[in-house]
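This briefing is meant for a reader who is meeting the structure for the first time. Please look over the sequence and the model together before turning to the points below.

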Amino acid sequence: MFAIDIFFDVLSSLSSKKTGSSRRTESRPAEPASLPLEPPAKSAESPYRPPEPPPGVAVSPSKSPEPAAKSAEPPPKPVEPPAKPAKPAAKPDDLRRIEGIGPKISRVMVDAGVTTFSQLASTPMDQLREILADAGLGNLVDPSSWPEQARLAAAEDWDAFQKLKDDLSRGRRV
């Protein structure tokens, strides 16, 4: 019996919500309007609008800038950006593995563009001495064994490389 009462109560409440219903319903306070979840879409117009003048105030029409006259010449072509410098072809090697090259000399060589064992092996001795002299290290180091060590390292002949390193002290033959 209880279920039937609930059914009729629900049915009567639904029928009372129909438009034009003659049945009187309880008045409820209005629910607050919910705010939109997303801001309204912006139009193509400028968001700034000048304030409206108060009523009764005469306003002279403002002069809007006239569009520039179109010329017969085509617009200039965009300037292309300069070409990017070429990336090194090979992954840089740790030049500090060479006997006589420490962190400072390694940085000097990398700054000069010598980043791999094969580049170091193919760099002429005069150029190596010039790079070192430009860095203020000309009299402090002897690069004479570096190309030979670099050739072995580039070829990944690590046994011969280690044997040569054992015969060197600070990059010089003992």
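What percentage of the 174 residues of the chain count as buried? In this predicted model, the share that counts as buried is 20%. The points that follow describe the chain as a whole and then turn to its salt bridges.

**Overall build**

- The secondary structure consists of 6 helices and 2 strands, and reading along the sequence gives the order α-α-α-α-α-α-β-β.

**Salt bridges**

- Side chains of opposite charge can pair when their charged atoms come close.
- The chain has 2 salt bridges in total.
- One of them joins Arg96 to Asp94, with 3.0 Å between the closest N and O atoms; Arg96 is partly exposed at 46% relative accessibility, and Asp94 is also partly exposed, with a relative accessible area of 34%.
- Arg129 and Asp142 form a salt bridge through their side chains, at 3.9 Å from N to O.
- This pair connects distant parts of the chain, since Arg129 belongs to helix 4 (residues 125-134) while Asp142 sits in the loop between helix 4 and helix 5 (146-154), 13 residues apart.
- Arg129 is partly exposed, with a relative accessible area of 40%, whereas Asp142 counts as buried because its relative accessibility of 18% falls under the 20% cut-off.

Notes
Residues are numbered from 1 along each chain as its sequence is written. This is a predicted model: local features need pLDDT of at least 70, side-chain atom pairs count only at pLDDT 80 or more; totals for chains, interfaces and linings use all residues. Side-chain values use heavy atoms; hydrogens and water are left out. Helices (H or I, at least four residues) and strands (E, at least two) are DSSP runs, numbered from the N terminus. Buried means under 20% relative accessible area, exposed over 50%, partly exposed in between (1.4 Å probe, protein chains only). A salt bridge is a side-chain nitrogen of Lys or Arg within 4 Å of a carboxyl oxygen of Asp or Glu.
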